[in-house]
Amino acid sequence: MNKNSLYISLLALVVSVATAVVCATKCNKGAAGSADSKSIEAVLSENPQVIVNALQKYEQLQRENQEKEAARLFIDNLDALQNNPEVPFVGPKDADVTLVEFFDFSCGYCKRLAPTVAAIVDANPDVKVVFQPITFVAPISKYAAQAAVAANLQGKFLGMYKSMLGFEGRLTEEKINELAEQNGLDMEKYKKDVDSEQVKKVIAGVAALGEKVQVHGVPSLILNGKPLNTIEQDGIQAEIDKLK
């Protein structure tokens with residue numbers, strides 16, 4: 001919904017509430033006739049909490065509608081979210097429980113979440129964890145994502161994931177290549193893969209999927225097609241345990 005529609009809908013909601021209050025007041029007084037603009041203005045002026053309550057209710061409805069739409073989009077695109085063989089993942093290919101993470105290597109919150117995700121991986125060898133690297137936080141995010149996918153081609157994704165998100169400074173191409181070498185990658189193959197059309201296609205596909213399911217913020221966690229509203233390890237584990 002665009003801003004103009006939002007304002008119009010909110011205004012309509014406030015006016016309808018105020019009109020109802022005015023009409024109720026007139027009925028209580030035994031007066032006939034519909035509410036006029038001056039009466040509505042007086043009610044809003046004397047009862048500003050009406051506007052606050054209407055705004056809070058509207059925001060609540062918006063959140064609920066957005067959550068329902070997100071859930072629908074995740075289910076409609078479940079196979080792309082969970083089963084793209086070109087996207088990095090760990091765990092059994094056909095696991096009963098699948099956790100998907102949309103993240104960005106330049107995202108501070110993703111850096112904080114990375115040790116939790118790694119711990120979830122270690123604690124749940126029967127869970128499939130799929131990593132969807134998107135690249136809208138900083139220019140270096142794209143190269144970092146390409147490096148991660150290139151590492152995945154050598155079976156070394158998780159090490160690069162931990163190294164890049166665990167790095168405390170600002171990532172650069174030089175630093176990312178250094179981390180790749182530290183993780184034992186075949187650097188000749190890595191340098192061919194990192195800028196290859198194959199790898200770039202994977203990253204572009206993740207970006208397109210993120211847009212399709214309306215992932216506009218990171219980190220975003222999806223468990224068996226349902227959005228997770230927690231990034232705490234105990235909370236994530238509790239939701240996983242419910243599905244086992």
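Both Phe103 and Phe105 are buried, a term that stands for under 20% relative accessible area, with exposed meaning over 50% and partly exposed in between (1.4 Å probe, protein chains only). The two residues form an edge-to-face aromatic pair, with 5.0 Å centre to centre and 85° between the planes. A pair of aromatic rings is described by the distance of the centres and the angle of the planes. Rings of Phe, Tyr and Trp (its six-membered ring) were paired if their centres lie within 6.5 Å; planes under 30 degrees apart count as stacked, over 60 as edge-to-face and the rest as tilted. By this rule the count comes to 6 aromatic pairs, and ring pairs join Phe103, Phe105, Phe131, Phe157 and Tyr161 into a cluster.

The model is a predicted one, in which local features need pLDDT of at least 70 and side-chain atom pairs count only at pLDDT 80 or more, whereas totals for chains, interfaces and linings use all residues. Residues are numbered from 1 along each chain as its sequence is written, and side-chain values use heavy atoms, with hydrogens and water left out.

The chain contains 11 helices and 5 strands; helices (H or I, at least four residues) and strands (E, at least two) are DSSP runs, numbered from the N terminus. Of its 244 residues, 39% count as buried. Contact was taken as heavy atoms within 4.5 Å. Among the contacts with a separation of 6 or more, 78% are between residues 24 or more positions apart.

A nonpolar core is a set of buried Ala, Val, Leu, Ile, Met, Phe, Trp, Tyr and Cys residues joined through side-chain atoms within 4.5 Å. The largest such core has 60 residues, of which Phe102, Phe105, Met160, Tyr161, Met164, Ile176 and Tyr190 touch the most other members. Helix 6 (residues 140-152) supplies the largest share of this core, 9 residues.

In helix 7 (residues 157-166), the residues Phe157, Met160, Tyr161, Met164 and Leu165 are buried. They lie on the same side of helix 7, because they cover an arc of only 115° around the axis; the arc is that of the directions from the helix axis to the C-beta atoms. The elements that cover these buried residues include strand 2 (98-103), helix 5 (108-123), strand 3 (128-133), helix 6 and helix 8 (173-182). Leaving aside neighbours within four places in sequence, Met160 is in contact with Phe105, Ala147, Ala151, Ile176, Leu179, Ala180, Asn183 and Leu185.

Asn183 is found in the loop between helix 8 and helix 9 and counts as partly exposed, at 21% relative accessibility. Its C-alpha atom is separated by 6.4 Å from that of Gly159, 24 residues apart along the chain. The side chain of Asn183 makes a polar contact with the side chain of Ser163 (3.0 Å). A polar contact is a pair of N or O atoms within 3.5 Å; within protein, one must be able to donate a hydrogen and the other to accept it, and residues adjacent in sequence count only if both atoms are side-chain atoms. A polar atom of the Asn183 side chain also lies 2.8 Å from the backbone oxygen of Leu179.

Ser196 is located in the loop between helix 9 (187-194) and helix 10 (197-212) and is buried, with a relative accessible area of 15%. Polar atoms of its side chain lie 2.7 Å from the backbone oxygen of Asp193 and 3.2 Å from the backbone nitrogen of Val199.
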